[in-house]
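Subject: Structure for you to look at

Hi,

Here is the structure I promised to send over. Have a look first, and my notes on what turned up follow below.

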Amino acid sequence: MTLSWLSLIVYFISIAASVCAQKFDFPRLSLHRENVLQDPQRRVPVSVTNDFTTFYFNQTLDHFNYQPKSYTTFRQRYLINSRYWGGANSSDPIFIYLGAEAPIENDLNAIGFLTENAAQFKAFLVYIEHRYYGRSIPFGMSLEEALNDPIARGYFSSSQALADYAAIIRHVKEKLKARDCPVIVVGGSYGGMLASWFRLKYPHLAFGALASSAPILYFDGITPQDAYFSVVTKDFKEASKTCYQTIRDSWTEIDRVISKPSGLSRLSKIFKTCRPLKSGDELKNYLILRYATAAQYDDPPRYPVEIVCRGIDGANASGKGILEKIFAGVVALDRNSTCYIVPPNGTAPTQTKLGYSWQRCSEMVMGIGITNNSMFQAHPFNLTDFINGCNSSYGVVPRPHWITTYYGGHDIERVLHRFGSNIIFSNGLRDPYSSGGILKNISDTIDAVYTQKGSHCLDILASEQADPNWLVRQRKREVEIIKGWITKYHAHLLAFKQQGLYALKQPLQ
């Protein structure tokens with residue numbers, strides 16, 4: 001029996017045996033290039049991370065209730081870098097990186113936008129870890145323990161995370177006596193969504209936001225469910241039409257082999273799996289996600305989509321069968337290995353996979369599905385099945401309308417044009433998640449900055465000498481916009497002081 005698209009959407013379903021026989025993932029919403037062929041030179045020098053000092057803030061567990069347990073605190077990690085800061089009296093900016101679904105040290109080793117531009121802005125840098133990730137887990141629990149506790153995981157939400165950021169930003173500014181220093185928040189992927197929402201929810205604390213690859217429109221049916229995989233298909237078709245066609249033909253070939261005696265054994269042998277396949281859907285799921293990952297993180301100069309297609313097309317030239325060609329693409333992307341496809345038994349899931357599974361089952365309901373308009377077999381997203389699966393796993397029913405209710409999304413141009421300002425929505429159009437992003441300017445101060453060949457969050461990663469000109473221009477444009485914000489801020493601050501309005505003694509952002 002072919003498993004429903006629910007199997008592909010929900011990764012960590014701890015007790016979902018009644019729904020499906022195994023655990024599956026959905027396209028990863030993360031800026032980190034895990035298990036993706038990339039340039040080994042794309043690393044932040046150790047000296048950069050050495051410039052940061054780690055602190056812990058006694059964070060309130062529940063910002064929105066006044067029950068006794070709400071006042072419980074936990075240690076939330078944040079890191080600062082004051083090397084380039086001009087000081088409080090200079091009114092130089094504070095750049096805040098909003099951590100997302102990963103330990104914050106992973107971001108220190110990946111994000112270059114803040115550290116590379118700190119000197120020219122004379123900026124103070126702060127990186128804040130998201131609650132329930134890294135070392136910032138309440139109740140002294142591990143993430144696994146917290147997710148298994150219905151009470152503990154109830155405090156794990158985006159709104160609580162934004163309130164955490166607000167409390168730490170206020171704390172840092174007070175400690176620095178930096179009342180007049182404008183705050184710019186930066187985030188990528190889920191963190192990019194948080195950055196844009198923080199600017200809208202806390203405009204008195206954040207003067208501007210850079211939201212990189214933030215698919216804020218992939219909620220509540222605003223973006224068609226098949227938009228993500230339509231972009232994946234486009235990326236592969238543009239790279240090679242023969243590669244695209246081979247992938248398209250491979251699904252029925254997998255079904256044909258499965259229908260034969262010992263079909264699973266044959267597939268396991270062809271693909272050199274790390275352990276025997278349990279079903280054809282296990283193989284399909286792996287391949288779908290590898291193609292999606294290659295498209296999402298299609299970084300220069302290697303361009304993983306082209307690498308996959310060179311492997312497939314190279315096998316085409318040798319006259320191999322369809323599945324052998326597909327396997328050649330796997331080898332090209334994953335490089336030579338002792339085994340492929342399924343990890344060995346006992347491989348532990350990452351915090352990102354564990355934590356974001358809960359977040360998707362509570363509020364981050366992104367209905368990603370596959371229709372007939374792609375190189376994949378159709379697997380439409382079924383909201384009812386998704387709700388039932390999450391309810392079986394966690395005992396909660398997802399709230400598919402909550403994100404648009406709390407943060408907005410419908411009629412985004414009209415709404416944000418009326419009251420929003422100082423947000424950069426940056427995207428790369430090779431990234432399938434760009435289909436749910438803001439791709440045109442909403443106003444003079446809400447800008448869409450995108451590139452045709454860009455990938456997921458590429459603009460905020462550490463730069464390289466070999467970066468293509470279009471990427472250099474994108475980053476330069478973002479810096480120019482932020483400089484414009486800060487120039488206007490200083491002009492308004494001076495005018496307020498001259499007019500005596502500054503004596504109101506209220507934080508100015």
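Let's start with a helix pair: the axes of helix 10 (residues 241-258) and helix 12 (residues 280-296) come within 10 Å of each other and cross at roughly 165°. Axes here are lines fitted to C-alpha atoms, for helices over the stretch in contact, with angles running from 0 to 180 degrees between N-to-C directions. That angle makes helix 10 roughly antiparallel to helix 12 (under 35 degrees counts as roughly parallel, over 145 as roughly antiparallel, 65 to 115 as roughly perpendicular and the rest as oblique). The crossing is right-handed, i.e. the near helix is turned clockwise from the far one by less than a right angle. On the helix 10 side, Ile247, Trp251, Ile254, Asp255 and Ile258 meet Gly280, Leu283, Lys284, Leu287, Ile288 and Tyr291 of helix 12, contact being heavy atoms within 4.5 Å. By class, that contact has eight nonpolar, one polar and two charged residues (Ala, Val, Leu, Ile, Met, Phe, Trp, Tyr, Cys and Pro are nonpolar, Asp, Glu, Lys and Arg charged, and the others, Gly among them, polar).

Some housekeeping: this is a predicted model, where local features need pLDDT of at least 70 and side-chain atom pairs count only at pLDDT 80 or more, while totals for chains, interfaces and linings use all residues. Residues are numbered from 1 along each chain as its sequence is written, and side-chain values use heavy atoms, leaving out hydrogens and water.

Next, helix 4 (residues 113-121) packs against helix 19 (residues 469-499) at about 45°, axes 12 Å apart, which makes helix 4 oblique to helix 19. This crossing is right-handed too. Phe113, Asn117, Gln120 and Phe121 from helix 4 touch Arg475, Glu478, Val479, Ile482, Lys483 and Ile486 from helix 19; five of these residues are nonpolar, two polar and three charged.

Now strand 4 (residues 124-128), where five of five residues are buried (under 20% relative accessible area with a 1.4 Å probe, protein chains only; exposed is over 50%, partly exposed in between). Phe124, Val126 and Ile128 cover one side, Leu125 and Tyr127 the other. Strand 4 pairs with strand 2 (residues 73-81) in the antiparallel sense over four bridges (pairing takes at least two DSSP bridges), with Leu79 partnering Tyr127. Strand 3 (residues 94-98) runs parallel to strand 4, joined by five bridges, and Phe95 stands opposite Leu125.

Overall, the chain has 19 helices and eight strands, all DSSP runs numbered from the N terminus (helices H or I, at least four residues; strands E, at least two).

Cheers
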